[in-house]
2 protein chains.
Amino acid sequence: MKKTLKLARKGRGLVSPNPLVGAVVVKAGGIVAQGYHHRYGERHAEVEAITAAREDLQGSSLYVNLEPCSHHGQQPPCVLAIVESGIRRVVVGTTDPNPKVNGRGIKYLRQHGIEVKVGVLEDSCRALNAGFSKFIKTGLPFFTLKIAQTLDGRISGPDGNSKWISSEGSRTFAHRMRAENDAILVGIGTVLNDDPQLNVRRVRGMDPYRVVVDSHLRIPLNTKLLNDSLTPKTFIATTDAADEIRGRKVMDKGVTVWSLPANCDGQVDMRALGRKLVSVGITSVLVEGGSRVFSSLLKSGLADRLAVFIAPKLLGNGLSALSDFGVSGLDKSVVLGDYKSRRVGGDILLTGTIVYPN
Amino acid sequence: MKKTLKLARKGRGLVSPNPLVGAVVVKAGGIVAQGYHHRYGERHAEVEAITAAREDLQGSSLYVNLEPCSHHGQQPPCVLAIVESGIRRVVVGTTDPNPKVNGRGIKYLRQHGIEVKVGVLEDSCRALNAGFSKFIKTGLPFFTLKIAQTLDGRISGPDGNSKWISSEGSRTFAHRMRAENDAILVGIGTVLNDDPQLNVRRVRGMDPYRVVVDSHLRIPLNTKLLNDSLTPKTFIATTDAADEIRGRKVMDKGVTVWSLPANCDGQVDMRALGRKLVSVGITSVLVEGGSRVFSSLLKSGLADRLAVFIAPKLLGNGLSALSDFGVSGLDKSVVLGDYKSRRVGGDILLTGTIVYPN
């Protein structure tokens, strides 16, 4: 199953809004075929593997991280190909959250005499496709907030400087997280402060899309994001408060500018942004700040997961990681469910699912 | 050595500003005598043990958590009694930081033909007498800041409520910390907000002294601290800004009121408070809040250790654990040195030594 996950990841950044899927066929203890979903609209992993096989698959076992599909989409249902191939046993990581599948694939296979085992490395398989899962259920992307803060919750010093709150090790880890998401999202404040590159550097991996929330289109024309090789993979989300002439100048740089509805504070409406993101195939987003973007995603209930690097430092002043997002009291606080903590570099990394109060 | 630590702890709250010391004499693999320092001014642990022995100590081994003293204080030097007793081997947890001793006890023993081993369970032995160690070097008590905060560094919700940020398990742990200190210290804000008891409840242990920093003597006469069995063990630190008549009313409740110098903000000067605390035999202080007290202790460089319980919650508003304590930038932040993290209850507990920038 680990092998299927590894194969599946090769489709990162190319298959969205489809899920990442890898498939391995085993016969007499050896791998006889493998495949993965390469690109949105192309063949599914199972069919890819079955087609690639150079020997008869009669009596073999198929390993796949996600339940094989049973419906006609852009591709014919995988379950048909599996039944026809002679595969006798299918081991599934997790069921497909797509309401069109959701157990129907497994049921079909069993009805056709195939032995099916479900729930192997289930947590990893589910985490891999958290973006797809949220998208298929809500039509919105999966947002992971990544915060690097001091022990007292500050993300920059009194002088606005945030280089570097967290340790080398944490920053490398954060680049790995970038490579695991379809897009990186930041607010214009972060761009003005840090002029970041928002690419994958410290590890190997594909550069995700870059998204800047810039309600009044204040992005400087000479900023790195508008002048590097990833500029065509960059989206600026603004509102109709943006100056039109400036808008054209920004677009001339080669980025895509989205004019989206504003919320009552005159800021880009996060739900509208979410829908826009999925429309271009982005289902997983790593949100890197700043405070205002974190808080709007929490306020609108869109933030799904939190990863916070806590550096063992105290500042006592400077910018807080989060500003008011509408919590009325302790019993109405947002909770980090099912969280894990680990040491990364010199810091503590806490990760967990964001659970909103009822 | 563990046994000596256990014995030593029995003197908690009674020996300050002396160190906590326990001693065990072993002969032929069995304990033949033991003792501890009971109370300030009384016999030291080593002499206590030697005196308690019912058999000849010739050829035996002495275990003691702190280096035996070599100077004449209120008691004669322990090293004399050890040499006379016939003890052949001495195992020492850690050296005595008292400049009057600091290795001289060990040297004396060795010069008199006794085999000495130093540094057994050294970290635990040193931690036990952190208060004594700081006092003997600086004349000030050892301050441990205990903070219970959310992941985003808040210690109360927008409504001022702080019950409860942290989990049951963390609160029990915090009571254990209370029992390990000579005094608990809070600011008047915490008293006004929470009307706390500041005693040891969830675990067995002696109730420490209670200290309230109340620069303008705002403490309500009906507050629990002024009306319970521990009122005689309670100190109120104020300034000459306090109303005299009110001062008398507060004292009539049975507490001690200290009128101390104020700093430039009109608040009790923390260094003056520190000296006052040691004058009544308090060398270890657990500081439980609020934000202003934490920050003044950090600002004055007096805070020694931090224990922060981080609850996996986000508030986005409410009171921050720390307010400005004069850090000018990230490179001048206060750092938690040599820190440890562990899960306590549902929270993460980080503990470490507070290291100030140069």
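This is a predicted model: local features need pLDDT of at least 70, side-chain atom pairs count only at pLDDT 80 or more; totals for chains, interfaces and linings use all residues.

Mentor: In chain B, helix H2 (residues 45-52) lies across strand E1 (22-27), E2 and strand E3 (61-66), and runs at about 135° to E2(B).

Trainee: In what order do the strands of that open sheet come?

Mentor: The order is E2-E1-E3-E4-E5 (chain B), five strands with mixed pairing. Strand E2 (30-36) and strand E5 (115-118) of chain B are the edge strands, each pairing on one side only. On average, neighbouring strands are turned by 15° against each other, direction ignored.

Trainee: Do E4(B) and E5(B) pair in the parallel or the antiparallel sense?

Mentor: Strand E4 (residues 89-94) of chain B pairs with E5(B) in the parallel sense, over four bridges. B:Val90 stands opposite B:Val116 in E5(B).

Trainee: Which helix lies across E4 and E5 of chain B?

Mentor: That is helix H4 (residues 104-111) of chain B, running at about 150° to E5(B).

Trainee: Turning to the contact, how many residues does it take from chain A and from chain B?

Mentor: The contact takes 37 residues from chain A and 37 residues from chain B. On the side of chain A that touches chain B, E14(A) gives the most, with five residues. By class, that side has 19 nonpolar, 14 polar and four charged residues.

Trainee: Which strand of chain B do bridges join to E13(A)?

Mentor: Two bridges join E13(A) to strand E14 (residues 334-344) of chain B, and the two strands run antiparallel. There, A:Leu314 has B:Val334 in E14(B) as its bridge partner.

Key:
Residues are numbered from 1 along each chain as its sequence is written. Chains are lettered from A and ligands numbered from 1 in the order in which they are written. Two residues are in contact if their C-beta atoms, placed from the backbone, lie within 7 Å. Ala, Val, Leu, Ile, Met, Phe, Trp, Tyr, Cys and Pro count as nonpolar, Asp, Glu, Lys and Arg as charged, and the others, Gly among them, as polar. Two strands pair if DSSP finds at least two bridges between them. Axes are lines fitted to C-alpha atoms, for helices over the stretch in contact, and angles run from 0 to 180 degrees between N-to-C directions.
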